[in-house]
Amino acid sequence: MKLFALVVLPAVLFLASCGSPATGPGNSLRPDEWGHRPGPKGFSTVIIDAGHGGKDPGAVSRTTGMREKDLALDTAKRLQRHLSGKVRTVLMRSGDEFIDLDVRASRASGKSGTILVSLHYNSSGAGIRGPETYYWRVDSHGLATRIQRGMVAVSPSESGNRGMVRRRLRLTRNPDVPCVLAEIGYLSNASEAKLCADPAYREKMAQALAKAILDQQANGDAGTGSLPKPIYAPPSRPTDPAGS
Ligand SMILES: [Zn+2]
């Protein structure tokens, strides 16, 4: 995922802090800033965020040579096509462009009737594989559940299911809209890297992601299990230790 290794320019930090509502402990908070509410239903806009880009390639597969930033953008455009005509979509980036994580979070915030779905391809030890979905906010649990289920149904059974992970990342904690980060497959695993290099496989994943999003839009959290407990924690910062 490599979300922690990015260098953030002080100017960007300044802009992000000016553009975002105050969310530190002790400030008066709107509920939406924490996301302590049921998941959305009937939302009008999906922001599709292709991870990484430009100077940040993300993970690079030793098996196929393919870069996470390219696969994520390809999958984002496929997802946009599948959602076309059913819900308004916005691509966070439509080309090979670097956008800081705080800028992404800021761009997704302050918009009603909107959700954010960030697309990534994963990297870890060579034996680890399978789709994985990150979320933090209570209002993102249902969507994360649907997205994880959808990706697992496409992934061959031997590729495993890494499940849902509740983790405070800049794109799961900081936007003030429901937000989920999908790790579609591990580029560090040889067989899964080959699968992810296949456009037909990415097309099936994009279809599954679109279905998950539209199911959430139609049904809200129905059928996605009980909501997790709220966690009061400050926004994620680039200086946070990894995994915190
Ligand atoms: Zn990534």
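The model is a predicted one, in which local features are described only where pLDDT is at least 70 and side-chain atom pairs count only at pLDDT 80 or more, while totals for chains, interfaces and linings use all residues. Residues are numbered from 1 along each chain as its sequence is written.

**The sheet**

Begin by selecting the strands, which, like the helices, are DSSP runs numbered from the N terminus (a strand is a run of E with at least two residues, a helix a run of H or I with at least four). You will find an open sheet of 6 strands, in the order β2-β1-β3-β6-β4-β5, with mixed pairing. Two strands count as paired if DSSP finds at least two bridges between them. The edges are taken by β2 (88–91) and β5 (163–166), each of which has a single partner strand, so one side of each is left without a neighbour in the sheet. On average, neighbouring strands of this sheet are turned by 25° against each other, direction ignored, where axes are lines fitted to C-alpha atoms (for helices over the stretch in contact) and angles run from 0 to 180 degrees between N-to-C directions.

**Strand β3 and its partners**

Next select β3 (114–122), in which 9 of the 9 residues are buried; a residue is called buried if 20 or more other C-beta atoms lie within 10 Å of its own, exposed if 12 or fewer, and partly exposed in between, with C-beta atoms placed from the backbone. In a regular strand the side chains alternate between the two faces of the sheet. Here T114, L116, S118, H120 and N122 point one way from β3, whereas I115, V117, L119 and Y121 point the other way. On one side, β1 and β3 pair in the parallel sense over 6 bridges, and T45 stands opposite T114 in β3. The pairing of β3 with β6 is also parallel, over 6 bridges, and there L116 stands opposite C179 in β6.

Now move to β4 (residues 132–135), which runs parallel to β5 and is joined to β5 by 4 bridges; in this pair T133 stands opposite M164 in β5.

**Helix α3 against the sheet**

Select residues 68–83, helix α3, which packs on the sheet and touches β1, β2, β3 and β6, with a direction at about 140° to that of β3; residues are in contact if their C-beta atoms, placed from the backbone, lie within 7 Å. Among the buried residues of α3 are L71, A72, L79 and L83, and the buried residues of this helix pack against α7 (190–197) and α8 as well as β1, β2, β3 and β6. Just after α3, look for G85, which takes a positive phi of about 85°.

**Helix α4**

Select α4 (residues 101–108) next: 6 of its 8 residues are buried, so this helix is largely enclosed by the rest of the structure. The buried ones are L101, D102, R104, A105, S106 and A108. G110, which follows α4, has a positive phi near 75°.

**Two single residues**

Finally, select H52 in the loop between β1 and α3. Its phi is near 65°, a positive value in a residue other than glycine, and H52 is buried, with 28 other C-beta atoms within 10 Å. By contrast, G225, in the segment after α8 (199–219), is exposed, with 9 other C-beta atoms within 10 Å. The C-alpha atoms of G225 and T145 are separated by 8.5 Å, although these residues are 80 apart along the chain.

Notes
Two residues are in contact if their C-beta atoms, placed from the backbone, lie within 7 Å.
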